[in-house]
Amino acid sequence: MRALIMPGGRLRGTTSVPGDKSIAHRWLILAATAEGRSSLLEVPNSLDVRSTASCLAFLMSKGRPALHAWATNDRRAPEGHRSTWNVRVEGETAVGSAEALEVEGKGRRGLIEPEGELDCGNSGTTMRLLMGVVATSGFRSVLTGDTSLRNRPMERVAVPLRTMGAAIETSDGHAPIVVVGARLHGAECAPVTASAQVKSAVLLAGVDADGTTAFSEPATTRDHTERALRALGAPIEIVAGRTEVRRFQHEGFSALVPGDPSSAAFLIAAAALTGSEITITGVGLNPTRTHFLEVMARMGVRTEQSVVREELGEPVGDIHVFPTEGLGSVRVAAAELPLVIDEVPVLAMLAVHAASDSWFLEAGELRVKESDRLEGLAAGIRDLGGHAAAEGDDLVVAGGGLDGGRGNAHDDHRMAMAFAVAGLAAHGAVEVDGIESAEVSFPGFMGTLASLGASIEPVEAA
Ligand code: S3P
């Protein structure tokens, strides 16, 4: 499906975004491995999270019906059609579920051998985190996924888990992956690539392994796993980027998934590109996820965050975006890249509307995301009449704006949403091929933007 975006206009109002995908994966895994009943509110209906839920359903006996029903029950129509899932309340769009997802866990030892392969769909987080979970089980699991996921590097997770005694075979470094569960022992892991997924896989294995497991990260990455484990009472110590965990069995818990700041980033950029003022409520404000706001601030986008509560160790609150007058270029250093790794596509779309060149340095990790985002961003910007290039592993984006035209998202949710948002400030109309991939992380993306006043609509014909 294509989206047609007309430039101009002002956005206004207060809105919310679907629950955080990263957090939802982790809390679902923790609910499935808890002893007792967990109750999760606002679990996002995004495709990636459903992949985690359906894999977990295969690994459970008692909890299976609830997870399976949730993962397969498509209670909302595809984007651009009448939707029964999004609830509109006087100018506000609340996206998500009002019902709690109740999961009855029998503890980590209560997981059962899956009858078939664990299909992780498009979701790298599902596959990598589950590797750490099933590595300590008493059974064999096979993890696979779609074509994009089967092309992504998996040895980065297998290598540290093997140092703990795990039996993992990848297919030439990729999925399908065969994991034969074993009794693992703690180890000292210090990978060269900064990855929250690798860290989380090791920590999730560590809480079901003998002895102490330590993970040192080369750069700070999102810390949702650590926060949740600590909130659940796990023995976890973090000193200067080195995290230690020991065996721990947690109990069931209740929590409400905060809105996804990475989804909010698209709305904030949309406001900045149209000089608008908006508020996004109920967003996760974990500092390891909000660094993009600091990068945006360096570009001249003024925002204010206010934390209003905490959920399982995660700060949650509102983001207010003040009107932006003119965007400046930016230089994103290699050291800060892991903190904005998912926001580079949208930051690049702000950069293209700045007055001069912007740089995203040593951004090679972007090549192994849902698509090759380094090349895809440069090519997409050029397709829309702008100037950008991948120089080695650096992305350089020339300012000066976009003419308009047609951008191909290569089935990558964040690329689709980034091009759509960029269209709001282009000189002419922008069409984005493959907008339906937004469902992977931001169900209701077009509807939310439209409810704020943006001119964006689906185009059915080829
Ligand atoms: C994620 C970590 C990041 C991020 C991905 C989600 C997570 O991946 O890009 O969208 O939930 O842990 P890497 O760990 O590969 O950097």
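Residue numbers start from 1 along each chain as its sequence is written, and side-chain values use heavy atoms, with hydrogens and water left out. Because the model is predicted, local features need pLDDT of at least 70 and side-chain atom pairs count only at pLDDT 80 or more, while totals for chains, interfaces and linings use all residues.

**Ligand site**

| Residue | Protein atom | Distance to a ligand oxygen atom |
|---|---|---|
| Alanine 196 | polar backbone atom | 3.1 Å |
| Glutamine 197 | backbone N or O atom | 3.0 Å |
| Lysine 369 | polar side-chain atom | 2.7 Å |

Taken alone, the ligand exposes 380 Å², of which the protein buries 95%, with accessible areas from the Shrake-Rupley method and a 1.4 Å probe.

**Largest pocket**

The ligand takes up the space of the largest pocket, in the sense that more than half of its atoms lie within 2 Å of the grid points. On a 1 Å grid over the protein atoms alone, a pocket is an open set of points with protein on both sides within 12 Å along at least five of seven lines, a cavity is a set where a 1.4 Å probe fits but cannot get out, and lining residues have an atom within 4 Å of a point. The largest pocket holds about 550 Å³ of space, a volume being the space filled by probe spheres set on the points, which are joined across faces, edges and corners. Of its 34 lining residues, Ala194, Ile341, Asp342, Glu365 and Lys369 are the closest to the centre. Two or more lining residues come from each of α1, α4 and α7, and α1 gives the largest share, four residues. The lining has 14 charged, eleven polar and nine nonpolar residues.

**Cavity**

One cavity of 30 Å³ or more is found in a search of the whole structure, and the largest cavity has a volume of about 40 Å³. Its lining includes Ala32, Met60, Lys62, Glu104 and Lys106, and strand β6 (residues 101-106) supplies the largest share, three residues. Five residues of this lining are polar, three nonpolar and three charged.

**Backbone features**

Alanine 175 and proline 176 are joined by a cis peptide bond with omega of about 0 degrees, and proline 176 lies in strand β10 (residues 174-180). Alanine 240, although not a glycine, has a positive phi of about 45 degrees; alanine 240 is placed in the loop between β13 (236-239) and β14 (242-246).

Definitions and conventions. A polar contact is a pair of N or O atoms within 3.5 Å; within protein, one must be able to donate a hydrogen and the other to accept it, and residues adjacent in sequence count only if both atoms are side-chain atoms. Ala, Val, Leu, Ile, Met, Phe, Trp, Tyr, Cys and Pro count as nonpolar, Asp, Glu, Lys and Arg as charged, and the others, Gly among them, as polar.
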